[in-house]
Amino acid sequence: MTAGNHDFPCAIGRTGLAGEKREGDGGTPIGTFPLRELRYRQDRLAAPETGLPLIPIGPKDGWCDASADPAYNRPVDFPYTASAEQMWRDDHLYDLVIVVGYNDDPVVPEAGSAIFIHLAKEENGELQPTQGCVSLRLDDMLALLARIDDETVISISG
């Protein structure tokens with residue numbers, strides 16, 4: 001990932017880049033998308049420096065991934081009757097989450113949901129693939145956040 005003249009090592013979806021993203025395919029969507037907001041765990045980290053709107057993550061926060069549900073690809077509160085991803089996690093992947101404006105204006109059923117830039121999982125120093133998101137190491141995420149605002153877009157290409 002490149003921001004200005006700075007390169008950040010990142011991981012993408014387990015199946016690579018997806019020209020036609022589908023729910024659950026493990027691909028990271030190709031295209032140019034706005035960055036909507038930063039959600040963060042204020043119990044674990046101080047609010048980072050960024051020009052993005054800041055939203056604290058709480059224990060009831062989720063993100064709907066049930067394509068037939070009216071809240072598909074939108075934040076929801078737990079308990080929730082349809083399938084939804086838990087934002088309040090035991091691991092640290094969602095301590096910092098940039099919401100990518102993918103499939104949100106308008107939302108298209110089955111086109112993919114919960115596309116984020118979040119913290120990376122590492123094994124033996126290697127960044128591990130995501131379920132379709134882009135992930136960064138903590139120091140790189142903090143450096144990126146300081147460089148971006150609500151006018152920033154992410155361009156994902158092959």
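## Burial of Glu 37

A residue counts as buried when its relative accessible area is under 20%. In this predicted model, Glu 37 has a relative accessible area of 14% and is therefore buried. Glu 37 lies in strand E5, which spans residues 31-40.

The side chain of Glu 37 forms a polar contact with the side chain of Arg 39, at 2.7 Å. Apart from neighbours within four places in sequence, the residues in contact with Glu 37 are Leu 52, Pro 53, Ile 55, Val 97, Ile 98 and Val 99.

## Nonpolar cores

The largest nonpolar core comprises 23 residues, of which Leu 35, Ile 98, Val 100, Ile 117, Met 141, Leu 145 and Ile 154 touch the most other members. At least two residues of this core come from each of E5, E10 (96-100), E11 (116-119), E14 (134-136), helix H1 (138-147) and E15 (153-156). Strand E5 contributes the most, with 4 residues. A second, separate core of 10 residues includes Tyr 94, Val 97, Val 99 and Phe 116.

Ile 117 illustrates the contacts made by a member of the largest core. Leaving aside neighbours within four places in sequence, Ile 117 is in contact with residues including Met 1, Leu 35, Ile 98, Val 100, Met 141 and Ile 154.

## Packing of helix H1

Within H1, Asp 140, Met 141, Leu 144 and Leu 145 are buried. These residues cover an arc of only 135° around the axis and therefore lie on the same side of H1. The buried residues of H1 pack against strand E1 (2-3) as well as E5, E10, E11 and E14.

Note on methods:
Residues are numbered from 1 along each chain as its sequence is written. This is a predicted model: local features need pLDDT of at least 70, side-chain atom pairs count only at pLDDT 80 or more; totals for chains, interfaces and linings use all residues. Side-chain values use heavy atoms; hydrogens and water are left out. Buried means under 20% relative accessible area, exposed over 50%, partly exposed in between (1.4 Å probe, protein chains only). A polar contact is a pair of N or O atoms within 3.5 Å; within protein, one must be able to donate a hydrogen and the other to accept it, and residues adjacent in sequence count only if both atoms are side-chain atoms. Contact means heavy atoms within 4.5 Å. A nonpolar core is a set of buried Ala, Val, Leu, Ile, Met, Phe, Trp, Tyr and Cys residues joined through side-chain atoms within 4.5 Å. The arc is that of the directions from the helix axis to the C-beta atoms.
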